[in-house]
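Please look over the structure first.

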Amino acid sequence: MYAQNDNVPSPRSVLMRFLVRSWEYRHPRAWAGFRFAAGVWNLILGVLLLSYGYWVGLVPLLSSVLIFWTAYRLRASVQS
């Protein structure tokens, strides 16, 4: 007889395994808050660099998108 698959957690994607460490799931609200603050900092830095005409400001902007996405996924994985 086979076991039921009702409470099996969904596997994490490769990107989430690479970006979010396993010990961050112990205190996900604290780490999501830290990631949110880091994302805001990267967003401000990217906008500031772009406003002065430095195209390298796109790197912090793109990394802030990635940071916000991982913080969202971290919170969503704990709530489900």
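Is Glu24 buried or exposed? Glu24 counts as buried, because its relative accessibility is 5%, under the 20% cut-off for that class. The model is a predicted one. The points below begin with the partner of Glu24 in a salt bridge, Arg35.

**The salt bridge**
- The structure contains one salt bridge.
- Its members are Arg35 and Glu24, and their closest N and O atoms lie 3.1 Å apart.
- Arg35 belongs to helix α2 (residues 28–51), whereas Glu24 sits in the loop between α1 (14–19) and α2, so the pair links parts that are 11 residues apart in sequence.
- Side chains of opposite charge can pair when their charged atoms come close.

**Surroundings of Arg35**
- Arg35 is also classed as buried, because its relative accessible area is 13%, and the limit for that class is under 20%.
- The side chain of Arg35 makes a polar contact, at 3.1 Å, with the side chain of Thr70.
- Leaving out residues up to four places away in sequence, Arg35 touches Leu19, Val20, Glu24, Ile67, Thr70 and Ala71.

**Helix α2**
- The end C-alpha atoms of α2 are 34 Å apart.
- This agrees with expectation, because 24 residues at 1.5 Å a residue should span 34 Å.
- Besides Arg35, the buried residues of α2 are Pro28, Ala32, Gly39, Asn42 and Gly46.
- The buried residues of α2 pack against α1 and against α3 (58–79).
- Just after α2, Gly53 has a positive phi of about 90 degrees.

**The protein overall**
- The protein has three helices and zero strands, and its pattern along the sequence reads α-α-α.
- The protein has 80 residues, of which 21% count as buried.
- Among contacts with a separation of 6 or more, 55% come from residues 24 or more positions apart.
- The accessible surface of the protein is about 6600 Å², and carbon and sulfur atoms account for 67% of that area.

Conventions:
Residues numbered from 1 in each chain as written. Predicted model: local features only at pLDDT ≥ 70, side-chain atom pairs only at ≥ 80, totals over all residues. Heavy atoms only, no water. Salt bridge = Lys/Arg side-chain N within 4 Å of Asp/Glu carboxyl O. Helix = DSSP H or I, 4+ residues; strand = E, 2+ residues; numbered from the N terminus. Buried < 20%, exposed > 50% of the residue type's maximum accessible area, 1.4 Å probe, protein only. Contact = heavy atoms within 4.5 Å. Areas by Shrake-Rupley, 256 points an atom, 1.4 Å probe, with all protein chains shown as cover. Polar contact = N/O pair within 3.5 Å; in protein donor to acceptor, adjacent residues only side chain to side chain. Expected span 1.5 Å × (residues − 1).
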